[in-house]
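Hello,

Here is the structure I promised to pass on. Have a look at it first, and then read on for what turned up in it.

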Number of protein chains: 2
Amino acid sequence: MAFPDAASEEVSAGGLTRRERSLLLALTTRGGRKRSGCCRCEGVRAVRELLAHRPELVKFVAVTDRALAQLELPAPVIRHVSEEELARCSETVSPQGVIAVAAIPSEASGEPEGEFILAFDQLNDPGNFGTIVRTFRAVGGRELWYTKGSVDPWCDKAVRSGMGAQFALSTRRFDNLLSMQRFGAEHGYERFFYADPHEGETCFTAEGLFDRSILLIGGEANGAGELPPGTRRVIIPMPGNFESLNAAQAATVLLVESVRRRSMK
Amino acid sequence: MAFPDAASEEVSAGGLTRRERSLLLALTTRGGRKRSGCCRCEGVRAVRELLAHRPELVKFVAVTDRALAQLELPAPVIRHVSEEELARCSETVSPQGVIAVAAIPSEASGEPEGEFILAFDQLNDPGNFGTIVRTFRAVGGRELWYTKGSVDPWCDKAVRSGMGAQFALSTRRFDNLLSMQRFGAEHGYERFFYADPHEGETCFTAEGLFDRSILLIGGEANGAGELPPGTRRVIIPMPGNFESLNAAQAATVLLVESVRRRSMK
């Protein structure tokens with residue numbers, strides 16, 4: 001004969017406290033992230049990336065048996081939850097069984113790093129943002145700059161779609177493109193490029209495109225805001241007279257072009 | 001004073017017959033497409049592409065006032081529907097106000113065309129398929145080959161995601177990769193390349209990659225099936241040691257590489 005009380009106690013042993021559960025849910029909102037200074041990181045690969053690069057940021061990890069077997073989690077952060085409880089806290093249709101809560105990394109403060117900087121303005125889709133960030137990470141990128149008018153890199157969907165790649169990068173936030181350009185120029189990143197869907201130098205030959213430069217990606221709907229003086233526009237030439245690539249596709253092509261140029265040196 | 005009866009008659013004047021409405025709904029299923037030999041084409045841009053390339057295939061177009069103003073539709077195919085009726089027939093959350101029903105184009109029968117052929121095996125996501133087909137069209141591609149084990153190019157979501165680009169291309173379906181390769185070789189497309197996520201020649205230098213060749217894209221989960229003898233694997237080198245690009249990103253990069261090579265000639 002089963003003892004329902006004993007069984008339910010076992011399920012919640014080492015589980016989330018009420019406070020942790022509220023925090024987990026509050027972090028799906030901008031206000032919740034702002035108040036707590038924390039963000040959610042959901043999914044096996046995203047949590048691995050978080051642990052690999054910024055383990056010190058982790059507050060706790062809600063995890064099911066199934067997901068626990070796929071991760072190497074330090075014992076103190078583990079909060080064992082049932083599949084049902086995880087599903088209630090999850091933002092996805094098919095939860096992978098793990099959601100971490102981590103402090104949002106502070107903005108980079110030292111000298112900028114990397115051959116070129118990837119920058120965003122008015123990019124509003126967290127899914128696109130995540131895809132691009134993941135690719136930037138995969139081509140060996142180091143710094144991500146963005147303006148107020150772009151998606152929050154630490155919102156739930158951006159972290160999920162980025163598979164936590166943002167934890168491997170340094171980020172800096174700027175009021176606008178002009179202050180971004182100034183900061184770049186003061187720190188040796190003098191070239192400012194904008195991935196323009198309509199006109200510009202071809203991305204295959206534009207000189208210095210990845211050489212101490214800032215490469216700006218604009219939004220899906222209306223591109224970027226007012227470009228700083230001296231901005232050079234680059235395009236991906238498409239002969240088919242059909243349509244431009246979407247923001248994530250265009251960024252992928254440009255980022256891989258940086259790999260091609262490096263490999264040709 | 002309004003006359004409700006008169007008003008409702010006006011709304012349905014020139015609307016869908018019961019038969020047309022059932023057909024429209026049946027075409028969201030594989031069985032419905034097979035029985036009727038027709039497919040759905042939803043969205044303003046997709047319908048424009050259909051009309052531009054294969055107007056003779058159009059059976060009828062369910063369209064709202066709002067969408068009608070954005071299209072140049074021949075009078076006989078117009079079926080005027082209310083926003084509510086269109087929403088009931090639509091497969092999208094925010095319908096654009098137009099769904100065409102068209103005969104599925106027959107497979108190409110003449111000599112293959114184009115500098116290279118884009119081929120699919122075991123690609124199962126219609127959204128990815130559509131994105132890739134759109135890009136292929138945008139780089140000036142002509143022929144799309146696929147095996148039985150791939151997504152149906154004429155399913156609702158593939159047409160929507162492809163924005164109708166498939167209507168601008170010739171398609172050929174093969175039982176398997178071996179029969180595809182044989183057919184290609186017999187018609188002067190002797191090089192057979194596979195976009196491999198893990199190993200192969202780098203895509204930036206692989207000789208003849210877009211020169212009378214077939215470029216095969218595999219599925220999201222398990223790549224392609226058994227590759228024909230003599231297949232050359234190409235990879236997109238990614239230094240970041242993070243993860244490979246997804247199928248749609250990888251295809252985008254390779255297709256744009258064809259533009260780069262052409263521009264360098």
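A search of the whole structure finds one cavity of 30 Å³ or more. A cavity here is a set of points on a 1 Å grid over the protein atoms alone where a 1.4 Å probe fits but cannot get out, while a pocket is an open set with protein on both sides within 12 Å along at least five of seven lines; lining residues have an atom within 4 Å of a point. A volume is the space filled by probe spheres set on the points, which are joined across faces, edges and corners.

Both chains line the largest cavity, with Phe204(A), Val253(A) and Glu257(A) among the residues from chain A and Phe204(B), Val253(B) and Glu257(B) among those from chain B. H10 of chain A and H10 of chain B are the elements that give two or more residues to this lining. Helices (H or I, at least four residues) and strands (E, at least two) are DSSP runs, numbered from the N terminus. By class, the cavity lining has six nonpolar, no polar and four charged residues.

A note on the source: this is a predicted model, in which local features need pLDDT of at least 70 and side-chain atom pairs count only at pLDDT 80 or more, while totals for chains, interfaces and linings use all residues. Residues are numbered from 1 along each chain as its sequence is written, chains are lettered from A and ligands numbered from 1 in the order in which they are written, and side-chain values use heavy atoms, with hydrogens and water left out.

The largest pocket has about 1300 Å³ of space. Its lining has 47 residues, and among the closest to its centre are Leu245(A) and Asn246(A). H10(A) gives the most to that lining, six residues.

The second largest pocket has about 690 Å³ of space. Its lining counts 28 residues, with Pro197(B) and Ser244(B) among those nearest the centre. H10(B) supplies the largest share, four residues.

Finally, a look at H7(A). After H7(A) comes Gly140(A), with a positive phi near 90 degrees.

Enjoy exploring!

Methods:
Nonpolar A, V, L, I, M, F, W, Y, C, P; charged D, E, K, R; others polar.
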